[in-house]
Amino acid sequence: MAGTSRGRRVTSGDVAREAGVSRATVSYVLNDTPHQKIAEATRRRVWEAAARLGYAPSAAARTLRTGRSDIVLGLLPDWPIQHVLGRLIQQLTNAFAEHEFTFLVHSAAHPARPLREIWRALTPAAVLALNEFPESEADAMRAAGIEVVMTMHGAVGRDLRSPLVAEEPIGALQARHLVPAHRRIGYAYPDIARLDVLAQPRLAGVRQVCDEHGLPEPDVRTVPLEMNGAVDAVKGWLAADPPVTGICAFNDDVAMAVLMALQSLGLRAPHDLAVIGVDDIPTSALLRPSLTTVVRDTDAIARGLARRIVDALDHQATPAALVEAELRVQARDSA
């Protein structure tokens, strides 16, 4: 193209020269400014010029024009990014896009840049954290003009509800599926301490149901994703007095470790030990025996979280209730 240097960012002035119009006209057309009488042929010429030159308005310019950024910064804790978390990120991306926001993700996994450097560089409209982070960081964000700071699990700051998404109902549904046929229930706990924020409330849900049905406290054992540790946990459950006959696992990965340990001992679910997981990951249906699991509508969670963020940005009152999502048991062979 004429008039630009190699490697220089294309500007609205370049588009104006290419289309033979003023920069104001380019701004009106590309921003779809209301109440501007611009001929359709002129609009088409501007859009074609912008496409030829690869013009994209800068985030800073868009912020000045609209009064806020269109970025929602998602903060991921140092969790394993596997099927379920990856699916939720994609669903959040789609949900925010429906409101014309861009969802950008930053992981806290080492050696990521410090969080403060990220939000200062992006100046997002809002921050959505999957886990709690220091109140001082939330205060610094608000002082810098980021009005909305929310978290799915755990509290951030003085004025935020905790949490937005509940985990207790997952454990409760697992236990309710088992209690009709099992008088002693175990809980397969993950061996990653960073997941306590999810595992502890799920375990609390199991404990609540056991108490409601007059059953003993669940027998909690850590199950690593390796054979020897999983075998030790299974042996412990079977040797308990009375023996554990049903297992609520933190998620499908942990449940699969329990199933593999049973097989290595020459045992089988559900005859020797019934097992129920969480998440319904694709491989859960392929196991033999196939894995019974709890399914959560994560798309509904993503849409609910996006709606909360957008309403808060628009200064609309948001309900105090949790973001709800349907839970159901996908019954298969293991329980």
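Okay, let's start with strands β7 and β8: β7, residues 246-249, and β8, residues 274-278, run parallel and are joined by 3 bridges. Strands here are DSSP runs of E with at least two residues, helices are runs of H or I with at least four, and both are numbered from the N terminus. Two strands pair if DSSP finds at least two bridges between them. Across from A274 in β8 you'll find G246, and I247 stands opposite V275.

Before I go on, a word on where this comes from. This is a predicted model, so to speak: local features need pLDDT of at least 70, side-chain atom pairs count only at pLDDT 80 or more, and totals for chains, interfaces and linings use all residues. Residues are numbered from 1 along each chain as its sequence is written, and side-chain values use heavy atoms, with hydrogens and water left out.

Back to β8. How many of its 5 residues are buried? It's 5 of 5, so to say mostly covered, where buried means under 20% relative accessible area, exposed over 50%, and partly exposed in between, with a 1.4 Å probe and protein chains only. In a regular strand the side chains alternate between the two faces of the sheet. Here A274, I276 and V278 point one way, while V275 and G277 point the other way.

Now zoom out to the sheet. It's an open one of 6 strands, in the order β6-β5-β7-β8-β9-β10, with mixed pairing. At the edges sit β6 (219-222) and β10 (327-330), each pairing on one side only. On average, neighbouring strands in this sheet are turned by 25 degrees against each other, direction ignored. For angles, axes are lines fitted to C-alpha atoms, for helices over the stretch in contact, and the range is 0 to 180 degrees between N-to-C directions.

Helix α8, residues 168-178, packs on this sheet, touching β5 (185-189), β7, β8, β9 (292-296) and β10, and its direction makes about 155 degrees with that of β8. Contact means heavy atoms within 4.5 Å. Helix α11, residues 252-264, lies across β5, β7, β8 and β9, at about 155 degrees to β8.

There's another sheet to look at: an open one of 4 strands, β2-β1-β3-β4, with parallel pairing. Why is one side of β2 and of β4 left without a neighbour in the sheet? Because β2 (102-107) and β4 (148-151) stand at the edges, each with a single partner strand. Neighbouring strands here are turned by 20 degrees on average, direction ignored. Inside it, β1 (residues 71-76) and β3 (residues 126-129) pair in the parallel sense over 4 bridges, with V72 opposite A126. Helix α5 lies across β1, β2 and β3, at about 150 degrees to β2.

That helix also turns up at the largest pocket, where α5 gives the most to the lining, with 5 residues. The lining counts 32 residues, and V84, L85, L198, N251 and D279 lie nearest the centre. A pocket, on a 1 Å grid over the protein atoms alone, is an open set of points where a 1.4 Å probe fits, with protein on both sides within 12 Å along at least five of seven lines; lining residues have an atom within 4 Å of a point.

Last, the whole chain: 12 helices and 10 strands, with 47% of its 335 residues buried.
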